[in-house]
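Please look at the sequence and the fold below before reading on.

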Amino acid sequence: MHFNTHFNDIAQSYLFSTIAQKVAAYSAANPDKTILRLGIGDVTLPLAPAVIYALHGAVDEMSKKETFHGYGPEQGYDFLKESIRGYYRTNGVELEPDEIFISDGAKSDLGNILDIFAADNKVLVPDPVYPVYVDTNVMAGRKVEYMNATAQNGFLPMPDYSVDADIIYLCSPNNPTGAAYSKAQLKEWVDYANAKGAVILYDAAYECFITEEGLARSIFQIDGAKTCAIEFCSFSKTAGFTGTRCGYTVVPLALKRDGMSANKMWLRRQTTKFNGVPYIVQRGAAAVFTQEGQKQIKANIAVYQSNAKIIADCMDDLGIWYTGGKNSPYIWLKCPNGMDSWTFFDYLLENIQVVGTPGAGFGANGEGFFRLTAFGSPEVTKEAADRIKKLLSK
Ligand code: PLP
């Protein structure tokens with residue numbers, strides 16, 4: 001017997017454990033100091049009342065013989081798929097019900113989708129990157145190539161026709177950089193993928209944070225995307241489902257290579273290895289798309305957007321270069337005075353007890369950058385911004 005030796009090739013990530021250790025050590029040495037955490041990527045507001053109401057109703061249904069639900073369709077209940085279809089329609093995108101697959105979140109699907117791709121496919125990911133794209137491919141023995149996301153390209157790398165790729169990961173609005181592609185930029189990616197016969201795995205987990213006109217909410221708003229893209233979306237950041245777990249993946253019927261259909265393969269994969277998301281959770285997710293649900297989740301998102309603006313305004317006042325903040329809960333800033341990511345981390349922790357995430361933890365191009373998140377409370381965010389302003393304007 002042999003284990004999968006590709007696991008030896010996964011880079012160990014010490015990012016969040018190192019942060020936790022440093023914060024714990026500082027806290028122990030300075031028990032009187034209040035630490036403000038702007039490093040978290042988890043939401044802090046509770047589920048919307050409309051979602052809670054639907055969850056309760058579904059729990060009650062499960063208690064009666066007449067309304068009990070056992071195994072559901074692996075790809076999700078029609079009522080939720082129809083709600084998602086309606087949502088895409090408001091963004092000008094027409095989907096077939098069979099193109100939508102309900103899942104327990106974007107992370108699982110981003111990993112699981114690799115089952116339908118050949119082992120020798122060449123993978124292109126941006127650097128810096130959400131580590132899941134890299135690690136899932138390395139586990140499967142695939143070679144990963146990086147494209148540079150830098151201050152020069154606004155952390156939005158564009159296609160290079162001299163590079164051949166089979167699988168391309170794009171995340172917009174991006175984690176960690178908060179940068180978001182315009183529709184015109186995504187059109188260039190779609191044209192490139194169609195020309196190369198490549199497939200774009202498009203992560204739209206932060207789509208709900210887009211406010212500016214001209215930015216894409218879905219890659220399927222771009223002509224030609226249905227022959228070259230798969231889209232991953234999530235209720236985690238949209239509706240606070242990080243602990244409730246629900247997402248969806250759109251695999252177009254038109255996405256075919258060598259006579260094989262990505263949609264049919266993904267359906268086969270899911271019906272073989274997955275037994276669906278709980279009925280109760282899907283009822284809760286469907287409530288997100290009701291009029292009441294939309295109003296309530298938008299109110300929660302507005303709180304995070306207002307936090308993001310507080311941090312972005314602080315950077316503007318200090319003249320610090322950053323991406324994100326406007327269409328994203330992440331602010332990705334250039335560390336001042338030429339500090340590297342970890343030096344800046346220590347500087348903030350020791351001087352003003354503000355905790356963020358060193359950009360170097362997301363890839364080589366993240367060195368010299370730093371991520372702050374808008375998922376904290378308005379009070380903590382404001383206090384942190386005040387402390388940062390006072391410290392850096394000295
Ligand atoms: N994609 C990106 C870019 C993320 O940042 C995250 C979570 O932080 C996910 C996907 C995972 O989302 P989910 O909670 O739906 O698994």
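## Basis of the model

This is a predicted model, in which local features need pLDDT of at least 70 and side-chain atom pairs count only at pLDDT 80 or more, while totals for chains, interfaces and linings use all residues. Residues are numbered from 1 along each chain as its sequence is written, and side-chain values use heavy atoms, with hydrogens and water left out.

The UniProt record, an unreviewed entry, carries the annotation "domain: Aminotransferase class I/classII large" for residues 34-388; such annotations may be inferred rather than shown by experiment, and their positions are given in the numbering used here. Over residues 34-388 the chain is 37% helix and 16% strand, with 14 Å between the end C-alpha atoms. Helices (H or I, at least four residues) and strands (E, at least two) are DSSP runs, numbered from the N terminus.

## The seven-stranded sheet

Seven strands form an open sheet of mixed pairing, in the order β2-β8-β7-β6-β5-β3-β4, where two strands pair if DSSP finds at least two bridges between them. At its edges are β2 and β4 (144-148), each of which pairs on one side only. On average, and with direction ignored, neighbouring strands of this sheet are turned by 25° against each other; axes here are lines fitted to C-alpha atoms, for helices over the stretch in contact, and angles run from 0 to 180 degrees between N-to-C directions.

Within this sheet, β5 (residues 167-171) runs parallel to β3 (residues 123-127), to which two bridges join it, and also parallel to β6 (residues 199-203), to which five bridges join it. Together with helix α6 (residues 183-196), β5 and β6 make a right-handed β-α-β unit; right-handed means that, with the strands pointing away from the viewer, the path from the first strand over the helix to the second runs clockwise.

## Strand β5 and the cores

How many of the residues of β5 are buried? Five of its five residues are buried, where buried means under 20% relative accessible area, exposed over 50% and partly exposed in between, with a 1.4 Å probe and protein chains only. In a regular strand the side chains alternate between the two faces of the sheet. In β5, Ile167, Tyr169 and Cys171 point one way, and Ile168 and Leu170 point the other way.

A nonpolar core is a set of buried Ala, Val, Leu, Ile, Met, Phe, Trp, Tyr and Cys residues joined through side-chain atoms within 4.5 Å. The largest one has 104 residues, and Ile168 and Ile200 are those with the most contacts inside it; helix α10 gives the most to this core, with eight residues. A second, separate core of 27 residues includes Ala106, Leu114, Val199 and Leu255. With neighbours within four places in sequence left aside, Ile168 is in contact (heavy atoms within 4.5 Å) with residues including Leu124, Met147, Trp189, Tyr192 and Ile200.

## The four-stranded sheet

Another open sheet has four strands in the order β11-β12-β15-β14, with antiparallel pairing. Because β11 (322-324) and β14 (357-358) stand at the edges with a single partner strand each, one side of each is left without a neighbour in the sheet. Three bridges pair β11 with β12 (residues 330-334) in the antiparallel sense, and Thr323 stands opposite Trp332 in β12.

Two helices lie across this sheet. Helix α10 (residues 291-318) lies across β11, β12 and β15 (369-373), at about 15° to β12, while helix α11 (residues 341-352) lies across β12, β14 and β15, at about 50° to β15.

## Buried parts of the helices

Why is helix α9 (residues 279-287) described as largely enclosed by the rest of the structure? The reason is that seven of its nine residues are buried, among them Tyr279, Val281 and Gln282. The buried residues of α9 pack against α2 (49-62), α3 (78-90), β2 (100-103) and α10.

Asn307 has its place in helix α10 and is buried, with a relative accessible area of 0%. Thr381 lies in helix α12 (residues 378-392) and counts as buried at 0% relative accessibility. Not counting residues up to four places away in sequence, Asn307 touches Ala374, Gly376, Ser377, Pro378 and Thr381, and Thr381 in turn is in contact with Asn307, Ile310, Ile311 and Gly376, its neighbours within four places left aside.
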